[in-house]
Amino acid sequence: MDFATALGLFSGLFLLIWAIKLGGSVGTFWNPPSVMIVLGGTLASTLINYPLKKVIGVTRVLKNAFFTKVKDPTEIIRILVGFAEKARREGLLALEVEAESIDDKFLQKGIQLVVDGTDPELVRSILETDLTFLEDRHKAGQAIFETMGLLAPAFGMIGTLIGLIQMLGVLDKPEQIGPGMATALITTFYGALLANLIFNPIAGKLRVRTSEEMLLREVMIEGILSIQAGENPRIVEEKMKVFLAPRLRENIHYAREARSTGGL
């Protein structure tokens with residue numbers, strides 16, 4: 001589980017509710033008609049904008065923001081360097097058993113293509129095509145939350161306009177103007193809250209997840225092709241390390257040293 005997502009969401013809600021309680025009643029901010037306008041309007045417009053299948057599938061995309069954890073690239077490099085060492089000692093066919101034990105389908109497919117003797121250019125083409133469609137699928141999920149992040153404040157403003165129009169209809173009743181104005185402003189509050197605490201941050205987290213996964217896949221492609229070319233394991237490691245930040249490269253060096261001394 002991604003604790004940052006859950007922590008951000010629940011701490012944001014907690015602080016907002018606490019701040020409201022310090023200044024008055026939380027019940028003042030509960031208004032079912034405003035919920036219908038903002039949340040209902042946002043969902044309805046999202047359904048108009050996207051096919052039903054994609055909107056229903058958003059729950060699966062949402063899982064990526066809360067529960068999916070991208071593999072550590074240093075661990076993937078360590079695995080591929082191990083494969084390179086085995087391939088140098090025993091040949092590429094020796095990796096067939098290793099491929100079956102990998103729990104990553106993309107890496108498993110790449111190693112299997114190498115074991116099958118597929119042309120290197122074809123291996124690169126297959127894996128890069130897989131990568132492109134993976135990015136497209138992830139972007140489709142992000143786009144739904146980005147759209148909802150744009151729509152929610154807009155429906156908040158629509159709710160405010162509805163409230164103001166209704167309020168103008170009771171100008172001859174001053175006691176109803178105050179509550180009417182409060183109701184009008186609550187819709188703006190709901191729209192801003194949904195957009196800035198839920199929809200846009202989730203879209204941002206999914207964008208980060210996609211970036212991390214794309215980087216990991218690119219590291220895998222480089223490692224797989226280097227293994228297929230029969231390069232020295234140290235060269236394989238160096239070629240994959242250039243994808244990472246300097247801090248992570250030091251971790252890989254540490255991992256190799258630890259493995260050589262039996263620490264890993």
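**View A. Helix H8 in the lining of the largest pocket.** In this predicted model, helix H8 supplies seven residues to the lining of the largest pocket, the largest share from any element. The pocket has a volume of about 700 Å³. In total, 28 residues line the largest pocket. Those nearest its centre are Asn64, Leu134, Arg137, His138 and Glu213. Two or more lining residues come from each of helix H3 (52-56), helix H4 (58-66), helix H7 (105-115), helix H8 (120-168) and helix H9. Sorted by class, the lining of the largest pocket holds 13 charged, nine nonpolar and six polar residues.

View B. At least two lining residues come from each of helix H1 (3-23), helix H2 (32-49) and helix H9. By class, the lining of the second largest pocket has 15 nonpolar residues, with no polar and no charged ones.

**View C. Helix H8 packed against helix H9.** The axes of H8 and H9 are 7 Å apart, and the two helices pack at an angle of about 175 degrees. Angles over 145 degrees count as roughly antiparallel, and H8 and H9 are therefore roughly antiparallel to each other. The residues in the contact of H8 with H9 comprise 25 nonpolar, 15 polar and eight charged.

**View D. Helix H5 packed against helix H9.** Helix H5 (residues 73-90) and H9 have axes 10 Å apart, at an angle of about 10 degrees. Are the two helices roughly parallel or roughly antiparallel? The angle makes H5 roughly parallel to H9, because angles under 35 degrees count as roughly parallel. On the H5 side, the residues that meet H9 are Pro73, Ile76, Ile77, Leu80, Phe83, Ala84 and Ala87. On the H9 side, they are Leu216, Val219, Met220, Gly223, Ile224 and Ile227. By class, the contact of H5 with H9 has 12 nonpolar residues, one polar residue and no charged residues.

**View E. Helix H9 crossing helix H10.** Helix H9 (residues 177-228) and helix H10 (residues 233-241) have axes that come within 9 Å of each other and cross at roughly 160 degrees. That angle makes H9 roughly antiparallel to H10. The crossing of these two helices is right-handed. From H9, the contact involves Val219, Glu222, Gly223, Ser226 and Ile227. From H10, Val236, Lys239 and Met240 take part. The contact of H9 with H10 divides into four nonpolar, two polar and two charged residues. Val219, Gly223 and Ile227 of H9 are among the residues in this contact, and they also belong to the set that meets H5.

Definitions and conventions:
Residues numbered from 1 in each chain as written. Predicted model: local features only at pLDDT ≥ 70, side-chain atom pairs only at ≥ 80, totals over all residues. Heavy atoms only, no water. Axes fitted to C-alpha atoms, helices over the stretch in contact; angles between N-to-C directions. Helix = DSSP H or I, 4+ residues; strand = E, 2+ residues; numbered from the N terminus. Parallel < 35°, antiparallel > 145°, perpendicular 65-115°, else oblique. Left-handed = near helix turned anticlockwise from the far one by under 90°. Contact = heavy atoms within 4.5 Å. Nonpolar A, V, L, I, M, F, W, Y, C, P; charged D, E, K, R; others polar. 1 Å grid on protein atoms, 1.4 Å probe; cavity = no way out; pocket = protein on both sides within 12 Å on 5 of 7 lines; lining within 4 Å. Points joined across faces, edges and corners; volume = space filled by probe spheres on them.
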